[in-house]
Each structure stands twice: as structure tokens, then as C-alpha cells.
Amino acid sequence: MGDVTRIVIIGGGPGGYEAALVAAQLGAEVTVVDRDGLGGSAVLTDCVPSKTLIATAEVMTTFDSSYEELGIIVADDTPHIDTPARVVGVDLGKVNRRVKRLAIAQSHDITQSVTRAGVTVLRGRGRLGTGGQAADGSREVLVDAPDGSVQSVRADAVLIATGAHPRELPDAQPDGERILTWTQVYDLEELPRELIVVGSGVTGAEFAGAYQALGSRVTLVSSRDRVLPGEDPDAAEVLEEVFRRRGMNVMSRSRAETVKRIGDTVEVTLSDGTVIEGTHCLMAVGSIPNTAEMGLEEAGVKLNDWGQIQVDRVSRTSAPGVYAAGDCTGVFMLASVAAMQGRIAMYHVLGDAVQPLNLKTVASNVFTDPEIATVGYTAADVKCGKMDAVEVKLPLRGNPRAKMQGIRDGFVKLFCRPGTGIVVGGVVVAPRASELIHPIALAVDANLTVEQVASAFTVYPSVSGSTAEAARQLHIRKRDAGES
């Protein structure tokens, strides 16, 4: 498809706007059809807002958990410092106004960079035309504008990057005031006194930890055996222990059946008949891809049972000239993966050099406190025999910098091949683990050995010193495994 010049992208999130920038740089004529504002849910209602809220929570937690140990005195407004009392609180209305302001500013910056690159942005809802492919191989995209008009745009290739929206349960309908989805929490003016979080995946765990730190009394309802069932078991165990220690009520193997609002309270009824009361309830029970009523199946685009678009490793769908990226594909619900899928689609369709998506080099992070960062093959992959690897887990409590900072929880875990010592995965549980995972991600991406990781200098004292130490221990473990 070397003669492709017209690209239409439906959806302006990371999958869409990153693809638009690449396509424009490669000389294509690019149109982005966007409904809510460039940046998508990642910028407007999900990643950027939640991590901004978590930034405030992080300061509160750090202060709360280590101020006494670090010798910091917090006094009330009486002149006597003999009995220090906590007077640090949070103005949630102010926090949320900052959250929204930053999200809009980020969206504005993205819009500027995209339009500066020569991309046309159309406001409205995009869908594939019913005509299918024309004789010249192009497709029709219909744009339903806010004023009710419909515009037709022809494209040599289309990228679907429409994202996903929060899943709602029939007997737990959000009202935006007391029963909330994660997109609605930023309208709260006051901190929930008693917050029930339903769902213990990444979103549920992040919000439960954040509101606990901000001062809410939190109950986390988990239908599984532990929080974060999809994460490294050791990491999830550390986090659950920290949650409980900080006073969170973590209810495992508890499924919420109904959520009802009664005046200023909410009642959550579990499948065993138990009723929990709170002032607010946050529903974090997964998401649904935005793929309905877009003319996808009529155009030959195959969806799976969950409504996600099926794509290959260069983002192609089953329909010629139609690509897809991001949460609507369900490949990996991460902004970084959406952006990579979008870029790969453009490289492929415009005939540039392309490297197919490799999910084994994806670094991801759970923004709880401590954070959980992961890259490459996991403990589950090793356990089921998908990858033959040796592992070392090094607790942070022995790290000198961690001791200085009052860090008590967390570890560095590395996986390597038993013969060659090539690093194939890693987990970091620590404050700012999202920053500490990068050297491990580089090692996984570049097929570095534990010897190479161990021989690179680290700063003393530093938390990253534990990564080098884990690599040194893994070198010995790998050698012993090879000899046995």
C-alpha cells in the first residue's frame, strides 16, 4: 500500500494521536475524528487524572508513614509541642479542580502538537460507512457532528482507536454522586467519609489506596482470593499486607450483587447476603470496548465475544485497510501499548520499516503505594512452564537508601535464563517503582545478561543498587542451577 495518502483515525486517545503524529511525519494526509477532546480517556478521565490524584495521596502516605521515624514533628495550633497531633488534611475539591485543570491543559497541548503537524481534527463520532471498500480500495468514514449533521470522509486506510468505558452492573447503577465510576470521582467536592471500592484489579486497588491515604475509611471488596489477581503474587501479597496495616478493610472472595443508595448512604449487598454500609461506592469492575454501532462487523471487522477488535501484531483487523489500536482491542490496557499499536499501524500501512508488537518487552506499573512495576516474563509464566527461568527476590529492607527513607516494604525480583543468564523479566515493588523498572526493561529489551546488569555502576546509596545486587545473586543462582 505504498500509494496510501489519506488516513482517517477514529479516536483521539494515545493510540489515535500518536498514530496521527507518525502518519503526518511520513507525509500522509491525516484526519482525526474525536468526540471528547484529544488525549482520550487516558488524559481526560483515566491515567492523567488518577495519577494526579495519587500524587497528592502519595505525599500524604509518605508523610503519614515516616514522619515520626524521620524525626519530623507535627504540632497542632497550640504552643505545646509535647503532644504532637496530626493536622495535615486534604481539600478534595481543590485537589479535583487541579486534576481537571491538568487534564484539560494536557489535552490542549496534544491538540496543539497534532494540528501543528498538519493533522485535521473533526469533532464528532466516527463510524465506518456501509458501502465497504470502493473500487480504488478506499473506505468511507461517517462523522456524526455535535450539531446533528453527518459528514463523509474517504480514507485509504482507517485506524480505529475508540478506547473503552467503565463496565456497569445492572444492580449497581452509578448516579454520579454516591455510586460512582472512576470517571465520575473528580466531581466530588468533599472526601468520602466511608468509601466502598468494588473490584480489586489495578483501578480498584489504585483508588482504594489513594482515598485511604487522603483520609477516607476504605473497604475493598474483592471477588478473588487476593487483591491484584493479575499481578505478581509476591507483589500483591506485599500490597495487601500494607493496605490492611494502614487500616483498610480488605474483603476477599466477596462478590457484590447489588449497590443501592439510601439517602446519604450506600448499601452494598454481597452474594452471601452480607450488607456493607458506606457514604460512597466506587465501581471498578472492568471496562467495555467502544465498538458498538460503528459499522465494524458490517465492514468485515471481526470482534471477539467481549466486543474487542481482533488484531494481529501490526494492528491489522480482518478487514482490508482497517487497523485498530488501544483498549478497543483489549491487547493490553495501557496507554503506552495503545500508542505503540497506533504507531506500528501507521508504519505498516505507509510502507515504513516496522517491528511487530512484542508484548514481552512491555513495562507496566500499578500506581499504588508502594508501586508495583513489571516487565517481561512473569512468575506465572515460569510456573506453568512457558519460560524456563531462575529467579532471585531481594527485599528492600536491606537497602541502605531504603533504610534512610523509612521504606519498609517492597523488593526487587529478577528472572533470567538458567544457561545464558539473559534477563527475561523483573518486578519492582517500591515507592516510584515506575522509575526503577526502566533499567530492567532495557535489559529485557536488549537481551542483556545478569553479568552485564551487575557490572554496570550504580550510585551508592540508591534503591536501584538492589537491582544490581539481585543480578549478582542471580549470577550465582544461575551457575548453581546449571551445575545441578
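1. Helices (H or I, at least four residues) and strands (E, at least two) are DSSP runs, numbered from the N terminus. With that in hand, Pro461 is found in the loop between helix 12 (450–455) and helix 13. A cis peptide bond joins Tyr460 to Pro461, with omega about -10 degrees.

2. A word on the ground rules: this is a predicted model, where local features need pLDDT of at least 70 and side-chain atom pairs count only at pLDDT 80 or more, while totals for chains, interfaces and linings use all residues. Residues are numbered from 1 along each chain as its sequence is written, and side-chain values use heavy atoms, with hydrogens and water left out.

3. The peptide bond from Asp369 to Pro370 is also worth a look: this bond is cis, with omega near 5 degrees. Pro370 sits in the loop between strand 19 (363–366) and strand 20 (371–376).

4. Asp369 turns up again in the lining of the largest cavity, together with residues including Ile54, Glu58, Glu206, Phe367 and Glu371. A cavity is a set of points, on a 1 Å grid over the protein atoms alone, where a 1.4 Å probe fits but cannot get out; lining residues have an atom within 4 Å of a point. Helix 3 (47–66) and helix 5 (202–214) are the elements that give two or more residues to this lining. By class, the lining residues divide into 5 nonpolar, 3 polar and 4 charged (Ala, Val, Leu, Ile, Met, Phe, Trp, Tyr, Cys and Pro count as nonpolar, Asp, Glu, Lys and Arg as charged, and the others, Gly among them, as polar). The volume is about 90 Å³, taken as the space filled by probe spheres set on the points, with grid points joined across faces, edges and corners. The whole-structure search finds 1 cavity of 30 Å³ or more.

5. Now to the charged pairs. The search finds 24 salt bridges, each a side-chain nitrogen of Lys or Arg within 4 Å of a carboxyl oxygen of Asp or Glu. Asp232 pairs with Lys413, their closest N and O atoms 3.0 Å apart. This pair links distant parts of the chain, 181 residues apart: Asp232 is in the loop between strand 11 (217–221) and helix 6 (233–245), and Lys413 is in strand 22 (residues 411–416). Both Asp232 and Lys413 are buried (under 20% relative accessible area; exposed is over 50%, partly exposed in between, with a 1.4 Å probe and protein chains only).

6. Lys393 forms a salt bridge with Asp234, at 3.9 Å between the closest N and O atoms. Here strand 21 (residues 390–395) holds Lys393 and helix 6 holds Asp234, 159 residues apart. Lys393 counts as partly exposed because its relative accessibility is 39%, and Asp234 is partly exposed at 22%. A network of salt bridges links Asp232, Asp234, Glu391, Lys393 and Lys413.

7. Arg472 and Glu469 form a salt bridge, with 3.2 Å between the closest N and O atoms. Because they are 3 residues apart in helix 13 (residues 465–483), Arg472 and Glu469 are separated by about one helical turn.

8. Finally, a backbone point to check by eye. Arg253 has phi near 50 degrees, a positive value in a residue other than glycine. Arg253 lies in the loop between strand 12 (249–251) and strand 13 (256–262), and counts as exposed because its relative accessibility is 61%.

Methods
1 Å grid on protein atoms, 1.4 Å probe; cavity = no way out; pocket = protein on both sides within 12 Å on 5 of 7 lines; lining within 4 Å.
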